[in-house]
Amino acid sequence: MTVISIVKLTQAKQGVAYWVDDLLALDALIFLGSSIFSYLSIRSNSKKVYFEDIADKVFMLALIMMGAAVVLLTYEIM
């Protein structure tokens, strides 16, 4: 959320900065989804690792998206 605010304060609503703040907002929702699946994995009474596998994959997707946003933001500033 801090990065989204900084992008909005320092950049115009054009070019890469527009996409970076949208990407980071979507990324926050994906991290939320990972947290929900992780919680379901902990609270589940079954021995299956279904929710845990989903949480891991969603978390890795969110990390990759965050890395992409950092690269885009870095090259926009330079």
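Is Leu-61 buried, partly exposed or exposed? I will start there and then go through the rest of the chain. Keep in mind that this is a predicted model.

Leu-61 is partly exposed, because its relative accessible area is 42%, and buried would require under 20% while exposed would require over 50%. The residue belongs to helix 3, which covers residues 50-77. On the screen, look also at Ile-30. Between Leu-61 and Ile-30 there are 7.9 Å in space, taken C-alpha to C-alpha, against a separation of 31 residues in sequence.

Now the overall layout. The chain has 3 helices and 0 strands. Read from the N terminus, the order of elements is α-α-α. Of the 78 residues in the chain, 21% are buried. The accessible surface amounts to about 5,900 Å², and carbon and sulfur atoms account for 69% of that. As for contacts, take those between residues at least 6 apart in sequence: 61% of them join residues at least 24 apart.

Next, helix 2. Asp-27 sits in this helix, which spans residues 15-43. Is Asp-27 buried or exposed? The relative accessible area of Asp-27 is 2%, so this residue counts as buried, the limit being under 20%. What does Asp-27 touch, once residues up to four places away in sequence are set aside? The partners are Ala-62, Met-65 and Met-66.

With a relative accessible area of 33%, Leu-40 is partly exposed. Leu-40 is one of the residues in a nonpolar surface patch, together with Leu-26, Leu-29, Leu-32, Ile-36 and Tyr-39. Together, the residues of that patch have about 570 Å² of accessible area. Patch membership asks for over 30% relative accessible area, and the 33% of Leu-40 is therefore enough on that count.

Last item, the aromatic rings. How many aromatic pairs does the structure hold? The count is 3. Which residues do ring pairs link into a cluster? They are Phe-37, Tyr-50 and Phe-51.

To recap: Asp-27 is buried at 2%, Leu-40 is partly exposed at 33%, and Leu-61 is partly exposed at 42%. The fold they belong to is a chain of 3 helices and 0 strands. That is what I have for today.

Conventions: Residues are numbered from 1 along each chain as its sequence is written. This is a predicted model: local features need pLDDT of at least 70, side-chain atom pairs count only at pLDDT 80 or more; totals for chains, interfaces and linings use all residues. Side-chain values use heavy atoms; hydrogens and water are left out. Helices (H or I, at least four residues) and strands (E, at least two) are DSSP runs, numbered from the N terminus. Buried means under 20% relative accessible area, exposed over 50%, partly exposed in between (1.4 Å probe, protein chains only). Contact means heavy atoms within 4.5 Å. Rings of Phe, Tyr and Trp (its six-membered ring) pair if their centres lie within 6.5 Å; planes under 30 degrees apart count as stacked, over 60 as edge-to-face and the rest as tilted. Patches are made of residues with over 30% relative accessible area and no salt bridge: like charges are joined within 9 Å, nonpolar side chains (Val, Leu, Ile, Met, Phe, Trp, Tyr) within 5 Å. Accessible areas come from the Shrake-Rupley method with a 1.4 Å probe; for residues, only the protein chains shown count as cover. A salt bridge is a side-chain nitrogen of Lys or Arg within 4 Å of a carboxyl oxygen of Asp or Glu.
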